[in-house]
Amino acid sequence: SIRRQRQMCIRDSYLVIAQSLVRDGDLNVSNQYAQHQYRRFLPEVTMGIHGYFGWKDARFQARLFRDDLPPPEGAFIYSIHLPGVSVAMVPMVLLPLPPVMWSFFLRVWLGLFGAGVVVMAYLFGLRLSRRRTFALQMSLVALFTPPLFFHAIHAYPEVQALFFLLSALYLLLYARNRSSAVLIAGLLLGLLFFWGVKYTIFVW
């Protein structure tokens with residue numbers, strides 16, 4: 001078969017981290033690159049190094065985006081991405097499915113976070129207007145907004161972080177059991193860091 005190089009996409013990077021979590025129990029992705037483990041889900045794809053060499057490697061903090069060289073033997077390589085999205089992908093990495101079926105179920109799984117955002121939009125609309133028609137219209141607008149519509153089925157952190165943020169905000173504003181709501185909302189807001197440092201601004 002013809003091996004094809006392809007440009008690195010964020011979904012591939014998160015997949016490599018998820019595989020490392022499942023197979024090795026760590027975030028060192030060097031063997032995932034060296035052994036092409038990602039081809040279990042992305043056959044005929046060659047991925048280059050997408051991360052930093054770790055502190056145990058002589059090339060400390062050497063950032064590489066290479067599509068032509070495998071990582072050196074014994075390297076410690078850590079992705080530039082935080083592992084939140086990868087943790088969300090772990091259940092899908094565990095599925096023993098062929099690549100085509102796996103890709104389909106991965107999109108369905110990731111789409112659930114987008115569906116959660118739409119549900120939260122409906123609940124907020126209902127609380128703010130007291131009218132189900134307005135709440136339904138609000139949720140439909142959210143559903144067909146291009147960023148949500150397209151990002152929800154791809155491994156990007158924005159939709160998942162938005163779902164956690166809206167859920168936490170709803171609990172803090174409207175939950176009846178305040179003690180449990182504060183605890184769960186605090187947990188959700190704390191998780192935002194692992195989806196991206198930029199999201200911690202909402203915690204403050």
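Close-up 1. Phe 150 lies in helix 6, where helices are DSSP runs of H or I with at least four residues, numbered from the N terminus. This is a predicted model, in which local features need pLDDT of at least 70 and side-chain atom pairs count only at pLDDT 80 or more, while totals for chains, interfaces and linings use all residues. Residues are numbered from 1 along each chain as its sequence is written, and side-chain values use heavy atoms, with hydrogens and water left out. Together with Leu 136, Leu 140, Leu 143, Phe 144 and Phe 149, Phe 150 makes a nonpolar surface patch of about 590 Å². Helix 5 (132–143) and helix 6 (146–151) each supply at least two of the patch residues, and the largest share, three residues, comes from helix 5. Accessible areas come from the Shrake-Rupley method with a 1.4 Å probe, and for residues only the protein chains shown count as cover.

**Close-up 2. The salt bridge between Glu 158 and Lys 198**. The whole structure holds one salt bridge, in which the side chains of Glu 158 and Lys 198 meet at 3.5 Å, N to O. This pair links distant parts of the chain, 40 residues apart, with Glu 158 in helix 7 (residues 157–174) and Lys 198 in the segment after helix 8 (178–191).

Note on methods: Patches are made of residues with over 30% relative accessible area and no salt bridge: like charges are joined within 9 Å, nonpolar side chains (Val, Leu, Ile, Met, Phe, Trp, Tyr) within 5 Å. A salt bridge is a side-chain nitrogen of Lys or Arg within 4 Å of a carboxyl oxygen of Asp or Glu.
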